[in-house]
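This report describes selected computed features of one protein model. Please keep the sequence and the coordinates at hand while reading.

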Amino acid sequence: MKGDQELQVIVQHGKESDPTVEEERNQTGESHSNRYKRWLLVSVYTFFVISGQSVATILGRLYYDNGGNSKWLATVVQLVGFPVLLPYYLLSSKTHTTTHRDDGKAVLHRNRVLVYLALGVLVGGDCYLYSIGLLYLPVSTFSLICASQLAFNAFFSYFLNSQKLTPIILNSLLLLTISSTLLAFNSEESNFKKVTRGQYVTSFICTIGASAGYGLSLSLQQLAFSKVLKRQTFSEVMDLIIYVSLVASCVSVVGLFASGEWETLSSEMDSYKLGKVSYVMNLVWTAVTWQVFNIGSTWLIFEISSLFSNAIGVLGLPVVPVLAVIIFHDKMNGLKVISMILAIWGFMSYVYQHYLDDKNLKKSLGIPTTGSSDSPEAKGSSAQKIQTPAS
């Protein structure tokens, strides 16, 4: 009789829900919900990066094609739209209460200012090189050359951030290098807008230099967070981007006035083929779309990594040649197609390596995967199986 009562108690206990198991199940449901929300946000901000970069590049080409000729003005509009980030900063700071890699140490204002100044000057010069590159190159060729920025980022990260160069990464660097080098032998480009061979080579070199500068700036940002700023909170990331943009804007404005190009802007607007209103709107929307790119890039840098953000930027580069063929009737010859295929192949190799790194990191930390035997449901089942024989 006593044994029957004990059996009834055990069976009843098995039917009742364990509060610990229920809590773990609720936490699991919340984690799945947060994961879906996170990947939805990744998709949205990835769209911001790709669309912002593509539209801004197309608008820059339209500016040159319709009578615009100021390289410094084209540089200024890439940078001066940063106040658009301020509302995003104020609204998003409330939802980013957690910190990333914060060791609590105070940073000297002098060191912080030096970081902002150095990166600001580098970014300002980098944008100027991009402006020269877009002036004499077809936008399709320009965007394909820009894919090399991922290779430069990995190269500088090897020396500055101790990034490992695995065989897959080396394969990616080789493919991206060949992809850009092939375009140097594209004989059809010398006929673009009656551009001389010397102008084409100048723009080609400037675009390569700009891609190298962009890759270097990302590696230096990562170095600054780890060695100088000592933390990577949301406010720290936004402060870096806003103040660096402010310094770079000042550099570009000084260049605009020092070069004397500001004196020709009035006549340039009057002679613009699409009219004065279109001239102003082109500049305004170029500035806005670059900041749309910056918002998406900023979120991806903070929530994932600068390398992932850069990889997404490279992923969007093949979009521009397709749009260029439709809008500007650029010729998509066999050499460009091969270059595009190699660039995409190089990008996929790069992403695959980071997928392997992330998988190995989770494995080393003991993070269970979905459907693992260590899941709360499995633990609950195991607990009941242990209790039953004990009766």
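## Basis of the values

The model is predicted, so local features need pLDDT of at least 70 and side-chain atom pairs count only at pLDDT 80 or more, while totals for chains, interfaces and linings use all residues. Residues are numbered from 1 along each chain as its sequence is written, and side-chain values use heavy atoms, with hydrogens and water left out.

One cavity of 30 Å³ or more is present. A cavity is a set of points, on a 1 Å grid over the protein atoms alone, where a 1.4 Å probe fits but cannot get out; its lining residues have an atom within 4 Å of a point. Grid points are joined across faces, edges and corners, and the volume is the space filled by probe spheres set on the points. The largest cavity holds about 800 Å³ of space.

Its lining comprises 40 residues, and Cys127, Tyr214, Trp290, Phe293 and Asn294 lie nearest the centre. At least two lining residues come from each of helices H2 (19-65), H3 (71-79), H5 (109-136), H6 (139-146), H9 (197-228), H10 (234-259) and H12 (276-303). Helices here are DSSP runs (H or I, at least four residues), numbered from the N terminus. H12 supplies the largest share of the lining, ten residues.

## Nonpolar surface patch

Val322, Val325, Ile326, Ile327, Met332, Val337 and Ile341 form a nonpolar surface patch of about 550 Å². Helices H14 (319-327) and H15 (334-365) each give two or more residues to this patch, with H14 giving the most, four residues. Accessible areas come from the Shrake-Rupley method with a 1.4 Å probe.

Ile327 belongs to helix H14. Its relative accessible area of 41% makes Ile327 partly exposed, a class between buried (under 20%) and exposed (over 50%).

## Cysteines and Asp270

The whole structure contains zero disulfides (pairs of cysteine sulfur atoms within 2.5 Å). Cys146 is buried, at 4% relative accessibility, whereas Cys250 is partly exposed, at 43%.

Asp270 is located in helix H11 (residues 265-270) and is partly exposed, with a relative accessible area of 47%. Asp270 and Gly67 are 203 residues apart in sequence, and their C-alpha atoms are 9.7 Å apart in space.

Methods: Patches are made of residues with over 30% relative accessible area and no salt bridge: like charges are joined within 9 Å, nonpolar side chains (Val, Leu, Ile, Met, Phe, Trp, Tyr) within 5 Å. A salt bridge is a side-chain nitrogen of Lys or Arg within 4 Å of a carboxyl oxygen of Asp or Glu. Buried means under 20% relative accessible area, exposed over 50%, partly exposed in between (1.4 Å probe, protein chains only). On a 1 Å grid over the protein atoms alone, a cavity is a set of points where a 1.4 Å probe fits but cannot get out, and a pocket is an open set with protein on both sides within 12 Å along at least five of seven lines; lining residues have an atom within 4 Å of a point.
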